[in-house]
Amino acid sequence: MAHLTFLDKSFHIHWSKLTPESVELSISQAIGDAQKSIECITSLDLSEVSYQNTLLALEEAVEPLSVAWGKVSHLQSVCDSTELRAAYNKMLPLVSAFYTSIRLNPKLWERIKAFLQTHEANALSGIHKRFLEESIADFKEAGADLSPEKRERLSQIQTKLAELTQKYSENVLDATNAYELIIEDESRLKGLPLHAKKAAFESALAKSKATQEKPAWRFTLHAPSIEPCMMYLEDSALREQLWRASSSIGSVAPYDNQGLIKEILSLRDEKAKLLGKSHFADLVLQRRMAKTATTALRFIEDIGERASVLFKEECDALERFKTELTHAPQGPLAPWDIAYFSEKLRQKEYAFDEEILRPYFEVSQVIGGLFQLAQRVFGLTITERTDVETWHPQVTFYDIKNANAVHVGSFYADWHPRESKRGGAWMNYLITGGPTASGKRLPHLGLICGNLTAPSKDTPALLTHREVETIFHEFGHLLHHLLGEVAIKSLNGVNVAWDFVELPSQIMENWCWEKEGLDLFARHYQTKEPIPEELFQKMIKAKRFRTACMTMRQVAFAKMDLLLHINTEEFIKADDLESYLRSKIASHLIPTNPKAPTIIRRFTHIFADPVGYAAGYYSYKWAEVLDADAFTRFKKEGIFNPKTGSDFVRTILSQGNALDPAELFRTFMGRDPDIQALLLRAGLVGAA
Ligand SMILES: [Zn+2]
């Protein structure tokens with residue numbers, strides 16, 4: 001049936017058939033099917049419950065819906081259109097209500113509890129025991145033990161949270177897209193690197209705002225457009241204009257997120273209290289590595305303290321530098337001056353301009369190098385397939401085989417911005433394969449997306465080093481899914497604690513900072529020369545530039561997130577949420593004049609999903625401790641050492657959520673995590 005296209009199980013997805021019109025029928029059908037399968041479980045006599053007919057049956061019941069809905073939400077993030085958004089928004093409340101209803105189904109819970117009392121449950125071991133424990137915890141966390149009235153309220157909260165967070169995220173995207181700045185006076189673009197200027201001209205051409213004869217330049221609030229402006233434009237009025245537009249994202253009607261924030265926070269708080277926790281942060285963290293909000297907060301404040309002296313020095317140094325250059329009296333910079341003068345200071349102190357690196361990072365070279373690395377370290381062979389349909393002509397498809405030539409998985413890569421695509425970079429999965437009960441191992445299917453610098457008419461896509469890191473980062477997440485060898489799909493790959501999930505991704509970035517690693521792929525796109533040693537040394541030194549400021553920025557985000565979810569009532573009561581929040585994190589913010597607003601109205605990490613990174617932003621730093629520490633093994637044993645690589649696959653990448661993450665880490669390192677490697681890498685302590 002043509003209209004059930006989202007339920008098609010083909011490994012090679014027929015994207016062109018996944019039309020907005022088929023969303024409703026497919027998803028309604030999938031929900032109906034899942035409901036029927038769940039009814040089979042709930043009609044079981046309590047005496048006949050088994051692992052197979054409860055836990056496994058439940059997992060199988062929901063899978064087709066999860067796969068179908070995964071495709072819908074994926075398309076929504078890469079090919080947004082009015083029709084698709086309408087279909088998505090129509091089905092979203094039904095889908096989230098359905099998921100919520102599973103763990104609030106008293107008959108289901110009764111059967112799982114009955115199973116828990118059986119000899120079979122007692123005798124479970126390994127992944128099956130873990131699955132039982134995780135399922136019980138999922139049910140409890142979802143409110144299975146609550147009274148019927150409280151359960152009802154909880155499910156209303158969930159549905160409402162899904163809607164509000166979706167709206168929050170749409171507001172950010174729409175506000176970003178609604179803005180453009182057309183400059184017709186070329187003299188105002190002084191300082192802007194050539195590639196950025198060219199991109200702005202092409203963007204204006206594409207939007208019919210310019211012609212070859214009458215040129216104009218179009219700027220947007222998407223990162224590849226605005227970032228070079230903030231760093232290089234000499235015209236400070238223009239920088240101010242862009243900065244004001246960017247920092248007002250999410251605070252101006254019709255895309256105002258301010259009301260949504262309090263509503264979201266208040267629902268999360270209510271949810272936590274219903275579940276017997278004093279706040280949302282403790283609810284979320286009980287199954288993370290950190291376990292409690294107190295531990296996470298203490299961790300993040302500790303990092304803040306360790307960075308504080310250097311942070312103050314860096315802020316003062318930038319103020320002094322601006323005074324030197326401009327002869328203006330010393331004092332806090334304007335927020336739109338920070339990136340600009342930082343870049344100037346960096347060029348002065350390190351004689352290093354990040355833009356010099358771009359020619360060495362042509363996107364296909366970078367990807368080729370990444371694949372070579374995957375081959376040498378993890379024994380993987382990656383081949384592009386041109387005979388597989390994708391959702392857009394810019395998208396490429398690859399197969400991955402392991403050292404034994406087993407097809408472990410495939411993935412799509414979609415690297416450049418489009419208007420219909422959301423911002424940022426991310427990894428996701430569409431199909432979970434892995435070992436099956438029949439002994440056959442099925443391939444996984446995943447994807448990586450980004451908004452990297454696009455090619456222009458006569459130049460290939462030349463990336464910044466940060467963009468190169470992004471590719472490596474998302475590829476790490478991807479491997480976590482594709483190399484999974486977990487027999488229970490819902491425990492595979494990235495379905496791990498959020499403060500552990502960034503270990504596989506962040507560790508990959510380390511290879512972008514090693515000369516040997518860079519030499520695999522960093523070749524000047526015209527001369528084919530590798531990065532000269534001198535330039536590499538400069539790059540390494542420049543990495544430490546304003547390191548405490550960068551650390552403090554993460555500390556501020558993490559602390560803001562934790563405080564909002566610990567002391568929620570205080571924040572909701574505050575008349576002026578923005579200034580109240582600001583006062584709580586003031587010591588972690590770079591002093592500016594005027595004061596820069598916090599990112600709370602466009603903080604999609606914590607507000608674009610019912611949970612997402614909420615109360616979990618600290619995880620980035622937490623996982624940095626893990627990745628810096630774990631990479632010391634590669635440093636010691638050789639960054640291309642296949643033995644170390646295969647240990648990493650065996651103990652971490654293939655394990656998903658099969659074991660407690662602390663245990664996985666211990667198996668790889670032979671001990672608990674140590675913060676020193678991170679402090680050293682970030683230059684927050686000197687080498688011993
Ligand atoms: Zn990540």
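Helices (H or I, at least four residues) and strands (E, at least two) are DSSP runs, numbered from the N terminus. On that count, this predicted model has 27 helices and 9 strands in its chain. The chain's radius of gyration, taken over C-alpha atoms, is 25 Å, close to the 26 Å that the globule rule gives for 688 residues, so the chain is as compact as a globular protein of that length. That rule is 2.2 Å times the number of residues to the power 0.38.

Two notes on the numbers:

- Residues are numbered from 1 along each chain as its sequence is written, and side-chain values use heavy atoms, leaving out hydrogens and water.
- Because the model is predicted, local features need pLDDT of at least 70 and side-chain atom pairs count only at pLDDT 80 or more, while totals for chains, interfaces and linings use all residues.

**Overall build**

- The C-alpha trace spans about 85 × 60 × 60 Å along its principal axes.
- Of the 688 residues, 56% count as buried (under 20% relative accessible area; exposed is over 50%, partly exposed in between; 1.4 Å probe, protein chains only).
- Take the contacts (heavy atoms within 4.5 Å) between residues at least 6 apart in sequence: 73% of them join residues at least 24 apart.
- An automatic or database domain assignment gives domain 1 (5–145), domain 2 (179–247) and domain 3 (359–543 + 621–681).
- The C-alpha centres of domain 1 and domain 2 lie 47 Å apart.

**Cis prolines**

- Alanine 253 and proline 254 are joined by a cis peptide bond with omega about 5°; proline 254 sits in the loop between helix H10 (236–247) and helix H11 (258–274).
- Another cis bond runs from asparagine 593 to proline 594, with omega near 0°, and proline 594 is in the loop between H22 and H23.

**Arginine 601**

- You'll find arginine 601 in the loop between helix H22 (577–585) and helix H23 (604–607).
- Its relative accessibility is 7%, so arginine 601 counts as buried.
- Leaving aside residues up to four places away in sequence, arginine 601 touches a set of residues including Tyr168, Ser247, Asn257 and Glu578.

- Lysine 291 has phi near 70° and lies in the loop between helix H12 (280–285) and helix H13 (293–326); at 42% relative accessible area, lysine 291 is partly exposed.
- Arginine 546 has phi of about 50° and belongs to the loop between helix H19 (533–543) and helix H20 (547–566); with 10% relative accessibility, arginine 546 is buried.
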